[in-house]
Amino acid sequence: MVYTYLGFSAATGISSRRTTMWRRRVFPLLRYFSSEPETPSPPSLYSFLQPSIFSLKKPQSVQAPNPPNQTPKPTLLNNHQIPNLESTLQLSLQENNTDEAWKCFKSLSSSLLPSKPLINSLITHLCSSKNDTHNLKRAFATLMLVLERNPSVLEHKTIETFLDSMKVTNGAPAFALVKCMFKNRYFIPFGMWGETLVEISRKTGRFSDFFEVFNENCRIAKDEKLDSLRPNLAACNAALEGCCHELESVTDAQKLLDVMSVLGVRPDDTSFGWLAYLYAIKGLGKKIMELEDLVSRFGFSDKSLFISKLISGYVKSGDLESVSTTILHNLKALEGKGLNFHEETYGEMVKGYLEHGSVKGLASLILEAQKLESKTVLVERSVGYGIINACVNLGLLEKAHGVLDEMNAQGGSVGLGVYVSILKAYGKEQRTAEAAQLVSEICGLGLDLDVSSFDALIDISMSSQDFQSAFSLFRDMREARIPELMGSYLTIMTGLTENHRPELMAAFLDEVVEDPRVKTGTHDWNSIIHAFCKAGRLEDARRTYRRMVFLQFEPTEQTYLSLVNGYMNVGNYFSVLMMWNDVKKRLFFNGEKSFKLDHGLVDAFLYALVKGGFFDAVMQVVEKSQEMKIFVDKWRYKQVFMESHKKLKVSKLRKRSIKKMEALISFKNWAGLNT
């Protein structure tokens, strides 16, 4: 049987000595390789790679294959073949012919490596499709080969490109590559690969691999005084996080701090935070005190991260008493200004307390914190808000109610922060009736709910068509003396309009019309009148019109147009005549100050009055339209007359009313009906 290594068969021309040397170098890496070829095609440079190393599962150990018993006798490429192969390789890369390029590279590498530009172009090309595991394996194998033969031909950017492509894999090749770089003394700046390995280790859980590479990197940087290999603070903190959170090793954490000191990397609040977490879970009270003193001397402006990690450690160790003590102590130190914790911290606290069945403990902590918190502290920064909000976010709304009930049972006053969290939960679940009831309780306690909370709940109530809850919330809003009412007012009016509820619009408008904070106008009344008319509820429309006039809101042409069209639709032409009499009075007493007749209103009046046979009023409208230079289409009303009063005779009207007869004659003359 003929055995192959790195895809080189007897035809490739590797010398026996070179093959033996390569085998010695390659065997330590065989845990990444597979002795079975991926395809039935001839063996190739990537065929020995273990297929699973690019999966998201952690690699399992693979037994190295037995070394071959015999070595083929290769033949070297001649001077004519090498340039031809390099040209073909370059052309294949330009044409995106990956398989042909790979074939040329295998043939070339049997004698020598291609030129530096070609090597780097090939690897970059193989990494161009991050989801192509086949070519990523080729890129990995090529890099390992070049690192063993001549690392100097590799460009830093090429290494960076390959490592970036490893983010979609299980990460093992990335760590193997960096180890091979160190072994072959190929050092590139830490900044070009460190953050990528941190990201990969977080994603895949390969902290041990990262920590091994990180420690070796720091050793080289220290021993050989290579400043370019000095890790940045983010990488140091990632390593420290692993020591404290994954390994929970005080010894490793302390060694890492010593290394940071030697390399001149100054720790920050994140560094001290992870140490606080570690000391808390280990119960090292004395070290925590020393650490707190050190943090103070460093002069960090915001200690919230440090405190959060300390609390997380106490929660994990089950030391809930220390959790409470830490929070209250730091509230005192901040003079009640509030703790700037993330939701994650409160979530851990809630889980910890509830796992120990300590709803009472949470209630007590909130009550004690409220005593220390300043009255000016933002609601969202209060401890009560943080704890109840965490319950809500964890889907434990009933537990939040339990904490609230326990606070009441202990006789303490409940702060606004506790209520706001529950209100938001009600809003999210569209439990608007319960929200409205809770708001009434809040206002009854004298707590000041902000305008945004009212606006949000009213908006949700209207969206859910829970109009009564919206009205209740708006009343509480007014009673709370909130100055900005217009946003919620418009939300309610718009919602009622869209849902065709003019009777509720009228009642609501009548309730708020005298509130100076609500700027109502004729357009509001017009909207209600129009909605009533459209629904055929003309008596309600007329009643709204009278209420509008009584409150001294001046009707406009739109007011009358809605009413005229409404009456005309039901054939109530006498009411249209009454509307015209109102308009005449306003035009007589106010001129055109109140409103102006426009073409639409003139047309509506003329059509309805002609239809109803009120020709005296018709001619009054015609006269006004002529005064105001409004165009009137006589033909339209001539047609209306012919349809409605074709058999009407002047002689019949002469017997009833001379005035009506004269009006009819005037209309006929104007409309051209006597010609």
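Mentor: Q552 is located in the loop that joins α27 (538-550) and α28 (557-569). Please keep in mind that this is a predicted model.

Trainee: Is Q552 buried or exposed?

Mentor: Q552 counts as exposed because its relative accessible area, 70%, lies over the 50% cut-off.

Trainee: Which loop holds Q430?

Mentor: Q430 sits in the loop between α20 (416-428) and α21 (432-444). Its phi is positive as well, about 55 degrees, although Q430 is not a glycine. A glycine case may be set beside it: G205, which follows α8, has a positive phi near 75 degrees.

Trainee: Which residues of helix α8 are buried?

Mentor: Helix α8 spans residues 194-204, and its buried residues include L197, V198 and I200. The buried residues of this helix pack against α6 (156-165), α7 (172-183), α9 (207-223) and α10 (233-247).

Trainee: Is S469 buried or exposed?

Mentor: S469 belongs to helix α23 (residues 467-479). S469 is buried because its relative accessible area is 6%, under the 20% cut-off. Leaving aside residues up to four places away in sequence, S469 touches T432, A433, A436 and S461.

Trainee: How many disulfides does the structure hold?

Mentor: A disulfide is a covalent bond between the sulfur atoms of two cysteines. The structure holds zero disulfides. As for individual cysteines, C391 is buried at 0% relative accessible area, whereas C443 is partly exposed at 23%.

Definitions and conventions. Residues are numbered from 1 along each chain as its sequence is written. This is a predicted model: local features need pLDDT of at least 70, side-chain atom pairs count only at pLDDT 80 or more; totals for chains, interfaces and linings use all residues. Side-chain values use heavy atoms; hydrogens and water are left out. Helices (H or I, at least four residues) and strands (E, at least two) are DSSP runs, numbered from the N terminus. Buried means under 20% relative accessible area, exposed over 50%, partly exposed in between (1.4 Å probe, protein chains only). Contact means heavy atoms within 4.5 Å. A disulfide is a pair of cysteine sulfur atoms within 2.5 Å.
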